[in-house]
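Dear colleague,

Please find below the structure that I am handing over to you. My notes on it follow directly after.

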Amino acid sequence: MPDAKPLIQVKNLNLYFGNFHALKNVSVDFHAGELVGLVGDNGAGKTTLIRVLCGIHKPTDGEVYFDGKLVKEFHPKLAIDQGIETIQQSVGLCDNLSIARNFYLGREPVRKVLGIPLLDFAKMRGEATKVIRAFGLRDNVSADDEVERLSGGERQSVKIGRAVEFKNRVVIMDEPTNHLSVREREHVNELALQLRNQGLLVIYITHDIFQVHKLADRIVIMENGEKIEDASTDKMSAEALEEVIRQGGRVVEKMES
Amino acid sequence: MSLAALKPIIRKHSEIGIFLVAVFLVLFFVATSEGRWNNAYNISTILQVTATLGLMTLGVALVIGTGEIDISVGSTFGMAALIYLFLAVRVDPAMAAFAAVAAGAAIGAFNGLLVTRTGTPSLIVTLGSLMIFRGLAIALTSGFAFSVPYKDRGALSYFILGGDNLFRIGTFPGVNTGFLWLIAGLVILSIALKLMPFGNHLLAAGGSAASAHSRGVRVDRVKLRAFIICGVLAGLAGVLEAGKLGSADGSMGRMMELQATASCVLGGCLLAGGRISLVGALMGTFVLSSIQSYLVVRAIPPQWFIVLLGLIVVLAALGDRKLRQWALKR
Ligand SMILES: Nc1ncnc2c1ncn2[C@@H]1O[C@H](COP(=O)(O)OP(=O)(O)OP(=O)(O)O)[C@@H](O)[C@H]1O
Ligand SMILES: [Mg+2]
């Protein structure tokens with residue numbers, strides 16, 4: 001059962017890219033121990049919304065509360081330090097660095113030698129290898145290989161493995177099953193459930209409403225930068241939710257007026 | 001060993017190209033200069049030039065690693081040389097060197113802040129400071145040279161800052177102490193780049209700023225630091241050159257920004273950022289200094305140097321691309 005007090009609370013959030021109004025007065029709560037599916041058309045603003053939560057974008061106005069406290073400064077470093085891990089849709093890996101270096105980017109383990117902080121390569125290599133093997137990367141890929149040579153699925157596995165390895169309080173997954181095979185998708189979905197059962201907040205972005213309906217406690221639908229639906233999965237069927245997406249929120253508006 | 005076995009080595013080490021160029025050129029110079037190029041005196045001269053240009057090149061390579069560029073280093077070098085010479089006789093050489101290097105750091109910070117705060121391309125920002133500080137140097141010296149007479153350069157500080165005759169053995173006239181500064185710079189920066197979080201952040205910022213940012217790397221700070229280090233090294237190089245020559249005028253360091261950038265490109269540093277080789281860049285510096293001295297010993301007019309430099313940069317870049325393309329094919 002989710003807590004009564006939200007872990008992340010978004011209030012009247014607006015975000016403009018220049019003149020383009022990408023997020024329109026969005027308010028939504030997320031609780032610990034909850035798996036929330038975030039769905040909606042291409043360009044609806046899903047990625048933009050979670051990029052505010054993980055500190056990449058600063059909202060134009062509106063508030064975000066984390067653990068009851070107003071977030072004043074937005075930077076990925078701060079979000080990560082607060083325990084928010086994100087599997088980004090289009091960024092997150094530097095092609096020119098090895099898997100091990102990417103794995104620990106921004107949180108490199110060090111050993112002090114004569115007071116100089118040197119990278120702890122043994123740990124970086126060891127942990128990264130363990131995780132990529134657990135995520136099905138074959139022996140021909142080593143943790144010392146540059147990400148540039150990885151396939152789309154291998155990259156995705158590295159990103160997911162990294163987020164799960166450093167999981168803390170919140171795991172945000174932006175279309176995590178992209179590039180993955182059927183078996184790997186099931187694995188990711190299982191992981192999402194496990195994380196929720198461990199008491200974490202999981203925000204899961206996808207286009208597959210039927211798939212996520214089976215996993216999620218709640219579904220939030222976005223359209224044109226607005227939140228148009230926010231319903232618990234035992235109140236609304238996948239078919240009904242799909243209809244809302246297809247109608248682009250018009251059904252909801254009619255019901256409200 | 002078959003040719004194909006070399007592929008992974010070339011793929012991993014971008015400095016292989018410049019290494020081959022260096023070997024070829026050295027053989028060519030030895031074969032065609034009748035001993036006028038390959039003698040102890042000339043080699044020592046080449047190493048002296050390599051020392052100061054090399055320090056500047058290391059800094060430029062770091063900035064290139066972040067995906068930016070710094071073409072103001074020639075002016076920074078000149079300003080530092082003038083500040084050093086002006087203060088050395090009036091105050092104290094060590095204090096003068098400190099002030100000159102601090103000025104280099106300030107110019108680096110000026111570039112870095114403008115680039116990161118305003119988002120103006122670094123090529124434009126540093127082109128601006130190249131002209132500003134060159135203009136200042138010429139205006140402040142108003143055609144005169146600053147100098148410290150040789151007889152006044154007795155203090156130990158003068159020796160440490162570019163003094164001559166280090167490692168003088170037999171006919172080898174020794175090297176300038178600048179060479180030790182270069183080795184120290186190379187070792188320290190290599191450790192920082194390869195073995196410390198600093199290097200991981202720097203290369204990540206240059207490889208993909210958006211990805212680095214998303215993982216919590218403060219990309220702007222990383223870039224600012226690289227610009228400051230670059231300014232410090234250009235300033236230090238200016239001090240060492242001034243210390244060696246004992247005099248400088250407003251044109252000191254002119255065109256050196258081009259040579260430093262060319263050294264980096266020759267040495268396998270990717271201008272797009274994220275991939276640099278410090279050793280390769282220094283090899284590039286060595287090649288440029290060698291060509292310069294070859295022209296001198298063959299009595300070829302020095303104006304041909306810049307023509308040759310251009311040709312070699314284009315040819316080496318082409319050759320290097322071909323080599324890497326071949327190596328990347330599986
Ligand atoms: N940095 C940016 N600058 C300008 N416009 C942007 C930027 N990022 C996103 N947008 C625009 O904002 C809108 C929402 O984009 P967003 O990536 O949030 O959509 P999405 O719901 O994640 O879509 P998809 O399902 O395709 O991933 C789009 O129209 C997009 O073009
Ligand atoms: Mg998206």
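**The interface and the metal site**

Between chain B and chain A of this predicted model, the rule finds 12 residue pairs in polar contact across the interface, both residues being at pLDDT 80 or more. A polar contact is a pair of N or O atoms within 3.5 Å; within protein, one must be able to donate a hydrogen and the other to accept it, and residues adjacent in sequence count only if both atoms are side-chain atoms.

On the side of chain B that touches chain A, α8 (178–195), α9 (197–207) and α10 (209–214) each supply at least two residues. The largest share, six residues, comes from α9(B). Helices here are DSSP runs (H or I, at least four residues), as strands are (E, at least two), numbered from the N terminus.

The rule also finds four salt bridges across this interface, each a side-chain nitrogen of Lys or Arg within 4 Å of a carboxyl oxygen of Asp or Glu. R275(B) forms a salt bridge with E148(A), with the closest N and O atoms 2.9 Å apart.

The magnesium ion (ligand 2) is coordinated by T47(A) through OG1 and Q89(A) through OE1, at 1.9 to 2.3 Å. Donors are N, O and S atoms within 2.8 Å of the metal (3.2 Å for Na, K and Ca); water is not among the atoms, so sites may look incomplete. T47(A) lies in helix α1 (residues 46–53) and Q89(A) in the loop between β6 (84–87) and α3 (99–103) of chain A, so the pair ties together parts 42 residues apart in sequence.

Residues are numbered from 1 along each chain as its sequence is written, chains are lettered from A and ligands numbered from 1 in the order in which they are written. Local features need pLDDT of at least 70, side-chain atom pairs count only at pLDDT 80 or more, totals for chains, interfaces and linings use all residues, and side-chain values use heavy atoms, with hydrogens and water left out.

Yours sincerely
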